[in-house]
Amino acid sequence: MALRCAAPGRVRWLARALAGSARLLPPAAAAPGPPGPARTRPPQLSARFASSAGSGTEGPQRRVMVVRITSPFAWLRTRFYYLLIRLYFDQEFSIEEFTRGAKQAFSVVSKLLSQRKLDLLEELVSAEVLQVLKEKISLLPDSHRDALAADIDAIMYTTEGDVRIYYDDDGRKFVSILMCFWYLNGANLPDEVPGEAKVFQIVFGDENTKEKKHLLTANYEFQREFTEGAKPDWTITRIEHPRLLE
């Protein structure tokens with residue numbers, strides 16, 4: 001999925017990608033994120049690697065199987081919150097639809113971050129988060145900035161990390177959903193980058209043709225205000241690329 005420099009239409013495209021229960025909120029209309037309850041850590045995941053001979057190829061191909069490790073309590077808790085959202089906030093809410101939109105949003109936003117096109121994020125990311133990103137991006141080495149970008153086809157796994165429903169002191173109602181992504185990236189990172197899940201080589205064709213990819217993680221939180229009269233849109237209120245953007 002290519003991104004072009006002159007992209008006013010990109011914002012409209014992304015809004016359509018998150019249509020229905022997953023649209024993004026322009027910061028001018030976004031409610032400032034109130035301090036909610038303590039955030040939980042994203043779920044722990046593991047990866048398994050298997051080789052199989054692909055039809056029409058001369059050598060083994062390596063595939064990635066990402067296995068989610070979570071507790072039954074956490075699974076039931078998130079499903080209970082989805083039920084509450086449908087019952088009391090948005091009858092048409094679908095976590096499957098939301099996940100598809102969040103995946104598209106993550107790919108677009110991560111690429112814009114990598115390209116330092118922060119002006120195009122103003123309608124996608126909250127003003128508070130965007131200000132912090134501007135300070136951090138300017139200090140990143142090129143290799144780390146390249147590693148932020150996630151092509152849509154390189155996203156190996158997507159899952160929700162936490163769901164919160166809360167009210168601020170003025171009685172406004174909010175829902176936030178933390179999404180966790182695992183993605184492959186070919187940036188020239190040192191093998192000893194701490195904190196990443198795994199560095200491995202994917203073999204294409206034969207053993208003499210290798211392309212090294214890094215399996216990296218990112219956490220993006222989406223927030224929507226459900227107060228009567230508020231716009232039915234979502235905004236990104238938290239962006240984390242562990243060990244890359246800190």
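**View 1. The surface of the protein chain.** The protein chain of this predicted model exposes about 12,900 Å². Carbon and sulfur atoms supply 49% of that area. Accessible areas come from the Shrake-Rupley method with a 1.4 Å probe, and for residues only the protein chains shown count as cover. Of the 246 residues, 47% count as buried. Buried means under 20% relative accessible area, exposed means over 50%, and partly exposed lies in between (1.4 Å probe, protein chains only).

Residues are numbered from 1 along each chain as its sequence is written, and side-chain values use heavy atoms, with hydrogens and water left out. In this predicted model, local features need pLDDT of at least 70 and side-chain atom pairs count only at pLDDT 80 or more, while totals for chains, interfaces and linings use all residues.

**View 2. The elements of the chain.** The protein chain has five helices and seven strands. From the N terminus on, the order is α-β-β-α-α-α-α-β-β-β-β-β. Helices (H or I, at least four residues) and strands (E, at least two) are DSSP runs, numbered from the N terminus. Take the contacts with a separation of 6 or more: residues 24 or more positions apart account for 69% of them. Contact means heavy atoms within 4.5 Å.

**View 3. The largest nonpolar core.** This core has 48 residues. Leu 113, Val 125, Tyr 220 and Ile 239 have the most contacts inside it. Two or more residues each come from α2 (72–88), α3 (95–114), α4 (127–137), β3 (155–167), β4 (173–185), β6 (210–225) and β7 (235–240). The most come from α3, which gives nine residues. A nonpolar core is a set of buried Ala, Val, Leu, Ile, Met, Phe, Trp, Tyr and Cys residues joined through side-chain atoms within 4.5 Å. In soluble globular proteins, nonpolar side chains tend to be buried together.

**View 4. The buried face of α4.** Val 129, Leu 130, Leu 133 and Ile 137 are the buried residues of α4. Seen down the helix axis, they fall within an arc of 95°, so they line one face of α4. The arc is that of the directions from the helix axis to the C-beta atoms. Among the elements that cover these buried residues are α3, α5 (142–146) and β7.

**View 5. Two arginines with positive phi.** Arg 116 lies in the loop between α3 and α4. Its phi is positive, about 60°, although Arg 116 is not a glycine. Arg 243 sits in the segment after β7. Phi of Arg 243 is also positive, near 70°. Arg 243 is partly exposed, with a relative accessible area of 42%.
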